[in-house]
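Morning, everyone. I have one structure to walk through today, so let me put it up.

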Amino acid sequence: MGEESGCCKRAGPGYATPLAAMSGPRESLLYVTCVYNGTGRQKPDFLATVDVDPNSPTYSKVIHRLSLPYIGDELHHTGWNSCSSCHGDPSATRRFLILPGLLSGRVYVIDTQKNPKAPSLHKVVEPEDIVEKTGLAYPHTSHCLATGDVMISFLGDKDGHSKGNGFLLLDSEFNIKGRWDKPGPKAEFSYDFWYQPRHKTMICTTFGAPYAFTQGFNLKHVEDGLYGRQLFVYDWPDGHLKQTLDLGDNGLIPERFITLFLHEPSKDTGYVECVLTSNVVRFFKTQDGSWGHEVAIQVEPLKVENWILPEMPGLIIGLLISLDDRFLYFVNWFHGDVRQYNIEDPENPVLVGQVYVGGLIRKGSPIVAVTKDGTTWQAHVPTIQGHSLRGGPHMTQLSLDGKRLYVTNSLFSTWDRQFYPEVIEKGSHMLLIDVDTEKGGLKINPDFFVDFGAEPDGPCLAHEMRYPGGDCTSDIWI
């Protein structure tokens, strides 16, 4: 795989193949983005280091907090400066974690190599420089490239208009190189992206106009066309838009909450979650070389009482795929369950694991689900170490061997406040779910619970998680 990138055969970052990554060492640390923005607590966001080594005396504890210099960033998704896309390059190391501030437009570069337990700030790419040189604002997804560059999707311009979206390139020293996308037709919205060099393709999902989603979710914004329902197919690595896939009413808000090719780089298929319609769409290459799509999984809305609408969508988020391409995972932020599907037949996913860890229809909530025969029900959500679980599950991170699934429960501060105000008031938490990788199955681990409501500076919102050095579920092989 490294030969196609121009890298030499000696080992660099990551692993030679996805299956090789599954035999990597067990994770001992997790980096978690923690947000104060939007909580009313005038503190800068921070990067937490969580001990996930069960043999450690500080297991399931935050052991370090890297506070950032500014208030109001809204740290969201993260990425590495290099990964398995350049496994063959011995000069490359998975050293720097890229932290975009979704609202500030600032991009932080964090050194995780000097002291993995206590990472430090290496560089800040200021939003004024990004806007001046590229016009881009609202950064979201970051991926390393085999060239040594870092590519980041931006959701709009400085005024929050989606038509100003695009992709930023940083060089290996994190200097601004310019935009990756070329002049000409472009995505009206952009959000998450995943490139597949063997098929000379990059697929980008859509979300919405920043000035709309930052206000909270408003169904009228959907009706007004301020959210997308397309997949955009670009030439890779040229940057020209070559195809638009309109998912129609089955594909409202197909965002990164997430788009994924299968990990095996020769495969020409993958999945994208469509949040509002709560389905998973499979995309695939057709015989004529174009790309097609079909609904692979549908989470039916629940008829409910005592809520803002008569029906409640699942609100699918947190899609990921195990490194052996056997299992697909996602959560339903509204319904409160985490799901595991067997995708050995990619066209026919089979539900094999499900567990409730929160949600709006949990027992004790005023909201009840109504079955077809008129009876009502609510989900049983257990306590962990005496803690009641708050909010709904959101971001997920899978161990290399696929046996442990970590889950946090903050989506975005404005949306958290709108749907789960208790999370704003009392803070987030992180859970561990044990995975049956033979037959399928999910079980909450009772020995692991990280309470971000007990932070020294007050409750905060925990979002995305990354392993130092071995975070391969988000890697791209070439």
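Start with contacts, meaning heavy atoms within 4.5 Å. Of the contacts in the protein chain with a separation of 6 or more, 58% join residues 24 or more positions apart.

Some ground rules. This is a predicted model: local features need pLDDT of at least 70, side-chain atom pairs count only at pLDDT 80 or more, and totals for chains, interfaces and linings use all residues. Residues are numbered from 1 along each chain as its sequence is written, and side-chain values use heavy atoms, with hydrogens and water left out.

Now the overall picture. The protein chain has six helices and 32 strands. Those are DSSP runs, numbered from the N terminus: helices are H or I with at least four residues, strands are E with at least two. The C-alpha trace spans about 60 × 55 × 45 Å along its principal axes.

How much of the chain is buried? Buried residues make up 63% of the 478. Buried means under 20% relative accessible area, exposed over 50%, partly exposed in between, with a 1.4 Å probe and protein chains only. The accessible surface comes to about 17500 Å², and 48% of that belongs to carbon and sulfur atoms. Those areas come from the Shrake-Rupley method with a 1.4 Å probe; for residues, only the protein chains shown count as cover.

Next, the cysteines. The structure holds one disulfide, taken as a pair of cysteine sulfur atoms within 2.5 Å. Cys83 and Cys144 form it, with their sulfur atoms 2.3 Å apart. The link of Cys83 and Cys144 is right-handed, with 90 degrees about the S-S bond. Cys83 sits in the loop between β4 (79-80) and β5 (96-100) and Cys144 in strand β8 (residues 137-144), so the bond ties together parts 61 residues apart in sequence. Cys83 is buried at 4% relative accessibility. Cys144 is buried too, with a relative accessible area of 4%.

Cys34 counts as buried, at 0% relative accessibility. Cys204 is in no disulfide either; the nearest cysteine sulfur, that of Cys274, is 13 Å away. Cys204 is also buried, at 0%.

Let's move to Asp235. Asp235 is in strand β14 (residues 230-235). Asp235 is partly exposed, at 24% relative accessibility. Leaving aside residues up to four places away in sequence, Asp235 touches Trp180, Lys200, His240 and Lys242. Pro237 is in the loop between β14 and β15 (241-246).

Glu74 is not a glycine, but has a positive phi of about 60 degrees. Glu74 lies in the loop between β3 (62-67) and β4, and is buried at 2%. Leu315, not a glycine either, has a positive phi of about 60 degrees. Leu315 is in the loop between β21 (311-312) and β22 (316-321), and is buried at 4%.
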